[in-house]
Amino acid sequence: MRCILFSLLFAPCVLFCQTGTIQILDKESKDALPGVNIIFGQSGGITDIDGTFTFSSPDFPTTVVFSYVGYNNLELKVDRIEELPAVVYLQPSNSVLDQVTITGAKYEQNVTRSSVTVDIIKPDLLRSVNSVSSDKILNKVPGVQMLDGQANIRGGSGYSYGAGSRVMMLLDGIPALQPDAGFPNWGDIPIENLSQVEILKGAASTLYGSAALNGIINFRSSYATSEPETRFSAATSVFLSPKDKAKKWWGDTLRYETNFTAVHKQKFGNLDFIASGLYNKLEGFNQFTNESRGRANVNLRYRKTDRLVFGLSAFGNFGKSSSFFLWDNPGSGAMRPLQGTVSDRMSRRIYIDPTVSYTDANNNRHRLLTRTVFVNNENNTNQSNKSVNQYAEYQFQRNFEAAGLVMTAGTVGAWTRVDSEILGDSIFNGANYAAYLQMDKTFSEKLTVAAGIRYEYVRQNSPEYYLGDTIPGGLVSDGQLISRLSANYQIGQYSSLRASFGQGYRYPTLTERFVTTTFGGFSIFANPALNPEYGWSSELGIKQGFALGGFKGFLDGSVFISEYEDMIEFTFVFESNKIGFQPRNVGSTRILGYEAGIAGKAELFGIPVNLFGGYTYI
């Protein structure tokens with residue numbers, strides 16, 4: 001009797017509460033895919049960090065649809081629950097038409113849905129150019145030029161003597177500029193272990209802060225796969241003699257550059273492990289331009305539960321180098337230094353990045369990103385500096401799927417302490433605080449509008465009296481509210497129109513305000529009275545995907561305009577008591593132009609061929 005009663009009670013669950021679990025994996029790497037969107041009959045959801053999804057469906061037959069950014073959609077028609085596989089494999093989209101970017105909105109989206117211009121460099125191009133420093137790669141991007149170590153996007157930066165970048169450099173979404181100088185140390189990027197490089201053009205200060213006045217370059221590291229991977233590479237370049245033999249100073253010796261890189265990736269249960277390293281030696285064709293450098297990186301990611309992930313990355317860059325600032329003359333001395341401009345340097349930089357990511361029961365994502373950077377540059381020309389730099393960001397993201405709305409909010413704190421000979425051999429402290437909010441709303445699956453605001457506050461402490469200048473209390477501070485508004489309209493699956501407007505704000509760095517040094521009879525003079533820069537950038541653009549035979553790619557066109565107030569430039573001054581360079585507010589600046597680009601991929605006789613090019617007029 002009890003058995004009959006139990007059977008009667010249990011039968012409705014068998015008939016109407018059919019439940020089960022599906023795991024979604026990458027078809028090629030067999031890695032679990034978290035965040036896959038699943039439509040199961042009239043309900044749906046997303047997979048957890050292990051790629052699993054638990055369903056409860058009363059209706060069979062039904063159709064199950066799996067979709068994930070960067071992968072081909074999969075649709076299964078199931079008549080009975082027994083027909084539903086326990087493991088489903090999604091095929092990665094190998095087409096350049098399905099490239100994914102995270103930089104513009106801090107969540108993954110197809111590049112055609114981005115409301116700002118984003119160019120993407122993939123790993124195969126990174127490896128093919130045989131570069132040991134990331135700045136050599138960026139010269140291949142339309143609209144991007146490198147000026148003595150500083151990135152210039154669409155003419156938004158001039159020569160700045162290694163201080164005060166208007167382009168934010170990110171490593172895995174965390175600022176990687178040296179805070180005291182605003183200088184990008186391109187050699188600190190482990191390019192041997194990158195998944196891709198994303199270049200965002202135009203003001204992006206609302207999400208990334210003051211140094212993103214002119215754009216963003218985000219270097220994204222790759223992750224360990226289910227199959228262990230080890231890769232080595234070695235290369236040597238030899239510099240030939242110049243056509244003008246009068247410029248050759250090195251006689252019969254060989255001028256060359258050689259490098260060696262290695263990377264290993266492996267999963268150990270819930271732990272992802274990545275280690276990479278590089279050694280580089282340069283004997284340059286410019287006299288006294290030599291370098292011996294090594295870097296090493298360890299990246300760990302531990303999945304405590306399906307919702308809680310810990311990360312820890314440690315990086316070290318150690319090197320000895322020599323270089324000169326000015327040539328002797330444009331003739332036979334073009335590759336020789338002007339007397340007194342040669343410097344020898346020993347540099348040590350260490351990064352430590354603990355991170356935590358947590359998804360709560362309501363599928364809200366919480367992230368804590370931190371970075372501590374130790375810098376010690378020893379120089380024989382009284383230009384040594386030491387600094388400790390700390391960064392912390394809390395990020396909250398909620399996806400209101402029913403409303404087609406993604407909300408991203410966060411708070412940021414950054415602190416730096418500098419002891420530098422080029423800053424009057426004094427100690428300086430700086431702090432930066434910010435709060436931001438961005439909303440991305442999709443209307444009728446075609447129109448996406450993004451709006452954001454950010455409040456930025458800067459404080460710098462210095463000596464009250466500095467080389468004849470008086471700074472009341474040794475303290476300056478400033479704050480600014482900035483905003484952005486952008487939109488993207490999908491004309492077709494791989495075709496879109498975009499428009500954007502973004503404000504920017506940048507407070508001068510400690511180096512710009514207090515730099516004091518001499519080279520070859522010239523001097524650089526401090527200017528504690530510098531004002532912050534304000535600006536805005538806007539563009540109209542169109543992106544069109546195409547497929548011609550086996551060649552697939554994008555055509556992109558845009559017109560843009562940027563304006564700056566109190567733009568800061570290192571200006572040559574010739575005064576009774578000053579002969580040299582000084583950072584000054586040069587006034588109002590307007591930059592306008594247009595850009596056309598193409599990016600694509602094909603196979604020629606079984607060999608993959610990449611095409612990446614463009615034309616920029618400013």
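I'm working on a predicted model, where local features need pLDDT of at least 70, side-chain atom pairs count only at pLDDT 80 or more, and totals for chains, interfaces and linings use all residues. Residues are numbered from 1 along each chain as its sequence is written, and side-chain values use heavy atoms, with hydrogens and water left out.

**Entry 1**

I looked up Phe288 to begin with. At 41% relative accessibility, Phe288 counts as partly exposed. Its phi is near 60 degrees, a positive value in a residue other than glycine. Phe288 lies in the loop between strand S21 (271-283) and strand S22 (290-303); strands are DSSP runs of E of at least two residues, helices are runs of H or I of at least four, and both are numbered from the N terminus.

Then I went to Leu467, another residue with a positive phi, about 50 degrees, although it is not a glycine. Leu467 sits in the loop between strand S30 (465-466) and strand S31 (469-470). Its relative accessibility is 59%, so I put it down as exposed.

**Entry 2**

S21 and S22 run antiparallel and are joined by 13 bridges; two strands pair if DSSP finds at least two bridges between them. Glu283 stands opposite Asn290 in S22. Six residues lie between the strands of this hairpin, and Phe288 is where I find the positive phi.

S22 also runs antiparallel to strand S23 (residues 308-324), with 14 bridges between them. Val298 has Ala314 in S23 as its bridge partner. S22 and S23 make a hairpin too, with four residues between them.

What lies 8.7 Å from Arg307, C-alpha to C-alpha, yet 54 residues away in sequence? I found Ala361 there. Ala361 is in the loop between strand S24 (342-359) and S25, and its 69% relative accessibility makes it exposed.

**Entry 3: the open sheet**

I traced a five-stranded open sheet in the order S10-S17-S18-S13-S14, with mixed pairing. S10 and strand S14 (174-175) are at the edges with a single partner strand each, so one side of each has no neighbour in the sheet. S10 is joined to strand S17 (residues 194-201) by five bridges, and the two run antiparallel. Thr117 is opposite Lys201 in S17.

**Entry 4: nonpolar cores**

A nonpolar core here is a set of buried Ala, Val, Leu, Ile, Met, Phe, Trp, Tyr and Cys residues joined through side-chain atoms within 4.5 Å. The largest has 43 residues, and Leu138, Val197, Ile199, Ile217 and Phe219 touch the most other members. S13 gives the most to this core, five residues.

I checked what Val197 touches, with contact meaning heavy atoms within 4.5 Å. Leaving aside residues up to four places away in sequence, I get Asp119, Ile120, Ile121, Leu126, Leu138, Ile217, Asn218 and Phe219. There is a second, separate core of 19 residues, which includes Tyr507, Leu510, Ile524 and Ala526.

**Entry 5: cavities**

A cavity is a set of points, on a 1 Å grid over the protein atoms alone, where a 1.4 Å probe fits but cannot get out, and lining residues have an atom within 4 Å of a point. Grid points are joined across faces, edges and corners, and a volume is the space filled by probe spheres set on the points. The whole structure has ten cavities of 30 Å³ or more.

The largest cavity holds about 680 Å³. Of its 40 lining residues, Met168, Pro179, Ser210, Ala414 and Asn432 are the closest to the centre. Elements that give two or more residues to the lining include strand S13 (167-171), helix H4 (205-208) and strand S25 (365-379). S29 gives the largest share, five residues. I sorted the lining into 18 nonpolar, 14 polar and eight charged, where Ala, Val, Leu, Ile, Met, Phe, Trp, Tyr, Cys and Pro count as nonpolar, Asp, Glu, Lys and Arg as charged, and the others, Gly among them, as polar.

The second largest cavity has about 210 Å³. It is lined by 19 residues, with Asp119, Lys543, Asp556, Ala599 and Phe612 nearest its centre. S40 gives the largest share of that lining, five residues.

Notes:
On a 1 Å grid over the protein atoms alone, a cavity is a set of points where a 1.4 Å probe fits but cannot get out, and a pocket is an open set with protein on both sides within 12 Å along at least five of seven lines; lining residues have an atom within 4 Å of a point. Buried means under 20% relative accessible area, exposed over 50%, partly exposed in between (1.4 Å probe, protein chains only).
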